[in-house]
Structures are given as structure tokens and as C-alpha cells.
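Biologist: I would like to go through this model before we use it. Could you take my questions one by one?

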Amino acid sequence: MVSIVKRICPESRYWLKCPFGRTATRVVIHNTGNDAPAENEVSYMINRDDEISFHYAVDDWKAVQGLPEDRNAWASGDGMGKGNMEGIHIEICYSKSGGGRFDKAEDNAAQLTAEILRRYSWGLDKVTKHQDYDGKRCPHRTLDLGWDRFLKMVEKYYKGAEEMTEAQVRAIAREEFAKIEQEQAAKPAAKWAEAKIAKVMENGIMSGDQNGEFHPQSDMTRQEAAVVFANFLDKLEGRSGKVSGEEAK
Ligand SMILES: [Zn+2]
């Protein structure tokens with residue numbers, strides 16, 4: 001399941017963004033028409049001084065919730081109609097330029113939609129699009145790529161959670177674990193370690209990967225530790241007999 005981060009609009013702005021308490025009856029899908037990530041879409045939505053609002057923005061990493069589901073949004077251009085009053089509005093990010101980020105955002109939105117359907121015990125017929133309410137061609141890129149295709153993605157996740165095999169669960173866990181490792185490997189070195197890293201690299205004790213990148217925050221295996229110690233011993237042996245007073249200090 002796509003992870004959901006809550007950045008709920010402060011109650012002091014409910015009068016503008018979501019004045020009505022209500023019971024949701026459907027999901028409404030949108031494309032942002034923008035190239036900004038979900039966090040930015042939500043903070044911009046909350047802070048701009050107009051009535052435009054929605055419940056979730058979803059990008060290639062996560063879903064960000066900006067409004068409570070039990071309040072309305074101003075998103076589908078139908079005034080006090082069923083779209084605004086009863087819809088849970090989901091904006092899919094990166095629809096302006098499309099490409100890989102959009103594809104992943106759309107996939108994440110399908111996961112979020114499936115999660116909402118299950119939570120409310122709704123069928124696939126509760127997934128609607130902005131266009132259904134005021135005719136605006138939104139979600140434009142999702143429509144270009146095929147609305148039925150999107151519904152099939154939602155259906156896959158909707159059914160998938162109930163019928164997942166152990167092998168599928170393991171595959172997801174592996175994927176998540178690899179993602180965590182990648183994120184860890186991409187982190188920069190701490191300030192206090194930078195000089196030490198430069199020193200062990202200059203001296204051939206440790207080296208970078210095939211691209212010369214050091215990945216300072218990655219884990220180390222026992223075999224990698226053995227290589228480091230062996231390099232260090234090689235270095236010492238190379239100096240044997242010429243350990244000067246200076247180096248012995
Ligand atoms: Zn829309």
C-alpha cells in the first residue's frame with residue numbers, strides 16, 4: 001500500500017477549504033495539470049486564499065492528505081453538487097509532463113483508491129472522475145492513457161489485498177527493503193566523517209563502487225570488512241622495515 005502522510009488543513013481555514021461536514025459516497029479522480037510533488041500541492045492548496053481544495057495529492061512516493069474525508073472539498077466545479085459535497089477528491093501529481101513519475105503516481109493513486117473503497121465497503125462503481133461533474137477534461141492524462149485501464153489498476157489492488165499469496169507478500173517486502181537500502185545508500189556522509197573517508201580512499205584502504213561513489217551510510221558485510229583489513233595489512237607490510245620514528249609516533 002502506498003504510504004499516507006497527513007498534512008491536514010488547520011481548522012481555522014475550514015470555512016474556506018471545507019466548510020461542510022458530510023458523509024462521503026464516492027471517490028473523484030483528478031490530475032493536477034502540474035509538475036509539483038504531493039507535499040507542495042497540499043501546502044499550496046491549504047495556503048492559497050481561494051476555495052480550491054481536495055482531500056489527497058499522490059505522487060511517485062506517497063499520498064499526502066490535506067482535508068478530512070468527512071468534510072467537503074471544492075474540486076469538481078459542481079458547486080453544491082454530489083462531486084464537491086460527497087466526493088473524496090484525489091489529485092494525481094506530475095500530469096503536466098507525464099512520464100515515469102506520473103505512471104508511478106497514478107499507480108499509487110490506484111492503491112489509495114482501492115484502500116478507500118475497502119474502508120467504506122464500496123464497489124468499483126464509486127470511482128468517478130472530475131469530468132463526470134462539470135465536463136472539464138480532468139483527469140486529462142489518465143483519460144488520454146485510458147480510464148478503463150485506471151479502473152483495472154484499482155481493481156487489481158482492491159482484489160489483490162484479499163487474495164495475495166505468500167510469494168507476493170514476500171516480493172513486496174523485498175521491494176520495500178531494497179527501497180530502504182537505496183535511500184540509505186544515497187545519504188551523504190556526516191560532516192565529521194568526511195576527512196576520514198577521504199583519507200582511507202586516498203590510501204587505498206577503501207574504494208568507491210564502480211562509479212567511484214562511496215555510499216558512506218551503506219551497510220558493510222564481513223567480506224567487505226575483511227578486504228578493508230587486508231588492504232590495511234598490505235599497507236603496513238609495504239612499509240615494514242622503513243617505519244621511521246616519525247611514522248611510529
Ligand atoms: Zn480535476
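Biologist: What average pLDDT does the protein have?

Modeller: The average pLDDT is 92, and 94% of the residues score at least 70.

Biologist: Where does pLDDT stay under 50?

Modeller: That applies to residues 241-249, for which the model has one contact beyond four places in sequence. Where pLDDT is low, the predicted coordinates should not be read in detail.

Biologist: How many helices and strands are there?

Modeller: The protein has 11 helices and six strands. Its radius of gyration is 26 Å, whereas the globule rule gives 18 Å for 249 residues, so the protein is more spread out than a compact globule. The C-alpha trace spans about 90 × 45 × 30 Å along the principal axes.

Biologist: Which domains is the protein divided into?

Modeller: Domain 1 covers 3-163 and domain 2 covers 167-240. Taken over C-alpha atoms, the centres of the two domains are separated by 41 Å.

Biologist: What percentage of the residues count as buried?

Modeller: Of the 249 residues, 27% count as buried. As for contacts with a separation of 6 or more, 70% are between residues 24 or more positions apart.

Biologist: Which strand does β2 pair with over six bridges?

Modeller: That is β5, residues 87-92, and the pairing is parallel. Within this pairing, Arg26 stands opposite Gly87. Strand β2 is also joined to β6, residues 127-129, by three bridges, again in the parallel sense. There, Ile29 has Lys129 as its bridge partner.

Biologist: Which residues touch the most other members of the largest nonpolar core?

Modeller: They are Tyr56, Ala57, Val58, Ile90, Ala109 and Leu112, in a core of 38 residues. Elements that each supply at least two residues include β2, β3, β5 and α7. The largest share, eight residues, comes from α4. In soluble globular proteins, nonpolar side chains tend to be buried together.

Biologist: What does Ala109 touch?

Modeller: Leaving aside residues up to four places away in sequence, Ala109 touches Ile29, Val58, Ile90 and Ile92.

Biologist: Now the backbone. Where is the cis peptide bond?

Modeller: The bond from Cys138 to Pro139 is cis, with omega near 5 degrees. Pro139 lies in the loop between α5 and α6.

Biologist: What is the phi of Tyr94?

Modeller: Phi of Tyr94 is near 65 degrees, which is positive in a residue other than glycine. Most residues other than glycine have a negative phi, and most peptide bonds are trans. Tyr94 lies in the loop between β5 and α4.

Biologist: Why does Tyr94 count as buried?

Modeller: Tyr94 is buried because 26 other C-beta atoms lie within 10 Å, and the cut-off for a buried residue is 20 or more.

Biologist: And Ser121: is that residue buried or exposed?

Modeller: Ser121 counts as exposed, since it has 7 C-beta neighbours inside 10 Å. Ser121 also has a positive phi, about 55 degrees, although it is not a glycine. It is found in the loop between α4 and β6.

Biologist: Where is Trp122 found?

Modeller: Trp122 is in the loop between α4 and β6. With 18 C-beta neighbours inside 10 Å, Trp122 counts as partly exposed. Trp122 and Val27 are 95 residues apart in sequence, yet their C-alpha atoms are 9.7 Å apart in space.

Biologist: One last topic, α9. How many of its residues are buried?

Modeller: The count is zero among its nine residues, 194-202, and the helix is hardly covered. Just after α9, Gly204 takes a positive phi of about 70 degrees.

Biologist: Why does Glu194 count as exposed?

Modeller: Glu194, which is found in α9, counts as exposed because it has 12 C-beta neighbours inside 10 Å, and a residue with 12 or fewer is exposed.

How values were computed: Residues are numbered from 1 along each chain as its sequence is written. This is a predicted model: local features need pLDDT of at least 70, side-chain atom pairs count only at pLDDT 80 or more; totals for chains, interfaces and linings use all residues. Helices (H or I, at least four residues) and strands (E, at least two) are DSSP runs, numbered from the N terminus. The radius of gyration is taken over C-alpha atoms; the globule rule is 2.2 Å times the number of residues to the power 0.38. Two residues are in contact if their C-beta atoms, placed from the backbone, lie within 7 Å. Domain bounds come from an automatic or database domain assignment. pLDDT is the predictor's confidence in each residue, from 0 to 100. Two strands pair if DSSP finds at least two bridges between them. A nonpolar core is a set of buried Ala, Val, Leu, Ile, Met, Phe, Trp, Tyr and Cys residues joined through C-beta atoms within 7 Å.
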